[in-house]
Amino acid sequence: MRTSLYFDGCNLRDLASKYGTPLYVVSKSIIKDRCREIRGGFLDHYANSRAYYAGKAFLTIAMCSLIKKEGLGLDVVSGGELHLALKANFPTANIVFHGNNKLRQEIETAIDRGVGRIVVDWEGELDLINEIAPSKGRRASVLLRVTPEVEALTHKYIQTGHRGSKFGIPLERVPYLVEKSLSMEHIALKGLHFHLGSQIEDHRPYVQAIDVVTELMANLQSDKSFILEELDIGGGFGIAAHGDASSKPLSYFVDPVMERLRARCSAFGLPLPSVAIEPGRWIVGEAGITLYTIGAIKEIAGSTTYVSVDGGMADNPRPALYGAKYDAEVVGKEGLPKDRIVTVAGRCCESGDILIENLPVPDDIKPGDLLAVFNTGAYNYSMASNYNMLPRPAVVFVENGKDFLAVERETYDDLLAKQRSICDD
Ligand SMILES: Cc1ncc(COP(=O)(O)O)c(C=O)c1O
Ligand SMILES: N[C@@H](CCCC[NH3+])C(=O)O
């Protein structure tokens, strides 16, 4: 499916002519394959398990509908994501609501609309939920997010499970908060949650976290008589960073976790909880390509050759933020020898707006060529900005040779839509 000219049966040159560039192209077939793998390898395999797609990776109304159709739940992290899910008629019972500082109004909407699980991140949130729930005539089902003190090997900015993380409840506070939750009339405490971070390529930190959490579960059972029904192990499953390396299957991540959980529960005499996962990037990362048109090509003798494209850090801030690596091909020239090493630069007014360093390209690369950057499905569109007043690109879904416009390209007027003049001139 991954050639530089065709993607999910669609000719990339045709897509660029039809929709312009930069353009996010998202393969429905890849997303469906990943969802199928989640159903076959996890949901159908482990009793009572649940899978929530982490919408922060890439969320549009079309994506939400696709996830619904594929039978997954949805992880939202803000009122905005929840609003989108509601607009897409996503079943609210299958939504899990996250956030380290949820706003009162967001919690009100979540409870009012019957969001399935609220993942509590701090004590004050419990009080707020317990106060709001009766006014909505509901009892809120919650999980407590625990910081398991496991440091996963990934970029520092996307680690979340280490001690000192801004996310989650420090381990030593969990027993107190469990007791408090159990005493609250309008709270139904279902279990615990942890999330170690993102783009984690090793399953061992997950297994380590299971050791920590099962010990906690054993203590909670003996000291607080709390029997945990659900354990949500978050997401973070990494994809191949770039190149032709293929990503690890879901089983690589979940099977060792499930095996360890079983062993530890049986050793501690604990009933096996139902387990939930929240993958984002693993579902959508490789399903996305960004198409750019090449413009300026600047060869600096003895230094660098810059190939500039018509997008950059505004549509993909990840290289600038995390030093993320991407791979790309000049569309239609994939068969040619790649004798030139170039740096792909964006067009933002920042020296750090570099998308790819040391990319081998064919010698005859020229302005007007199309560049396809691979694996941009996750955290590109969702993190895009209008820096330098650049309109966000369109998003096109493709499947078996058919294309569907999911998000229109922004116009210059869209960028001004909320602005007001405050002077007479
Ligand atoms: C609570 C939670 N769940 C799931 C995810 C999804 O992460 P990823 O896209 O790496 O799978 C995130 C993001 O890191 C998260 O914060
Ligand atoms: N935005 C990050 C992932 C963060 C995941 C959410 N906690 C990235 O692009 O890799």
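Modeller: One definition to begin with: a residue is near a molecule if its C-beta atom, placed from the backbone, lies within 6 Å of it. Keep in mind that this is a predicted model.

Colleague: Which residues are around ligand 2?
Modeller: The residues around ligand 2 are Lys-56, Ile-158, Ser-198, Gln-199, Arg-318, Tyr-322, Tyr-379 and Met-383. By class, this shell has four nonpolar, two polar and two charged residues.

Colleague: Which domains does the shell around ligand 2 draw on?
Modeller: Domain 1 (28-285) and domain 2 (286-408) each supply at least three residues to the shell.

Colleague: What makes Arg-318 buried?
Modeller: A residue is buried if 20 or more other C-beta atoms lie within 10 Å of its own. Arg-318 has 20 such atoms within 10 Å, so Arg-318 is buried. Arg-318 is found in helix H11, residues 318-322. Leaving aside neighbours within four places in sequence, Arg-318 is in contact with Ala-324, Tyr-379 and Asn-380.

Colleague: At which residues does UniProt place the feature "binding site"?
Modeller: The unreviewed UniProt entry places that feature at Arg-281, Arg-318, Tyr-322, Glu-350 and Tyr-379. These positions are spread over 99 residues of sequence, and also in space, with up to 26.9 Å between C-alpha atoms.

Colleague: Why is Glu-350 called partly exposed?
Modeller: The label partly exposed falls between the limits of 12 or fewer for exposed and 20 or more for buried. Glu-350 has 15 other C-beta atoms within 10 Å, and therefore counts as partly exposed. Glu-350 lies in the loop between strand S16 (340-345) and strand S17 (354-361).

Colleague: And why does Asn-400 count as exposed?
Modeller: The limit for exposed is 12 or fewer. Asn-400 has 10 C-beta neighbours inside 10 Å, so Asn-400 counts as exposed. The loop between strand S19 (394-399) and strand S20 (402-407) holds Asn-400.

Colleague: What is Asn-400 in contact with, leaving aside its neighbours within four places in sequence?
Modeller: Asn-400 is in contact with Asp-8, Gly-9 and Ser-29. As for Ser-27, Asn-400 is 373 residues apart from it in sequence and 8.9 Å apart in space, C-alpha to C-alpha. The limit for a contact is 7 Å between C-beta atoms.

Colleague: How do you know that the radius of gyration agrees with a compact globule?
Modeller: With 425 residues, a compact globule would have a radius of gyration near 22 Å, and the protein has 23 Å, so the two agree. Along its principal axes, the C-alpha trace spans about 70 × 60 × 40 Å. The protein has twelve helices and 20 strands, and buried residues make up 45% of the 425 residues.

Colleague: What share of contacts between residues at least 6 apart in sequence join residues at least 24 apart?
Modeller: The share is 71% in this protein.

Colleague: Where do the two domains lie, and how many residues of each take part in the contact?
Modeller: The C-alpha centres of domain 1 and domain 2 lie 33 Å apart. The contact takes 22 residues from domain 1 and 21 residues from domain 2. On the side of domain 1 that touches domain 2, the elements giving two or more residues are helix H2 (28-43) and helix H10 (281-284). H2 gives the most to that side, with four residues. By class, that side has eleven nonpolar, eight polar and three charged residues.

Definitions and conventions: Residues are numbered from 1 along each chain as its sequence is written. Chains are lettered from A and ligands numbered from 1 in the order in which they are written. This is a predicted model: local features need pLDDT of at least 70, side-chain atom pairs count only at pLDDT 80 or more; totals for chains, interfaces and linings use all residues. Ala, Val, Leu, Ile, Met, Phe, Trp, Tyr, Cys and Pro count as nonpolar, Asp, Glu, Lys and Arg as charged, and the others, Gly among them, as polar. Domain bounds come from an automatic or database domain assignment. The radius of gyration is taken over C-alpha atoms; the globule rule is 2.2 Å times the number of residues to the power 0.38. UniProt positions are given in the numbering used here, feature names are shortened, and annotations may be inferred rather than shown by experiment.
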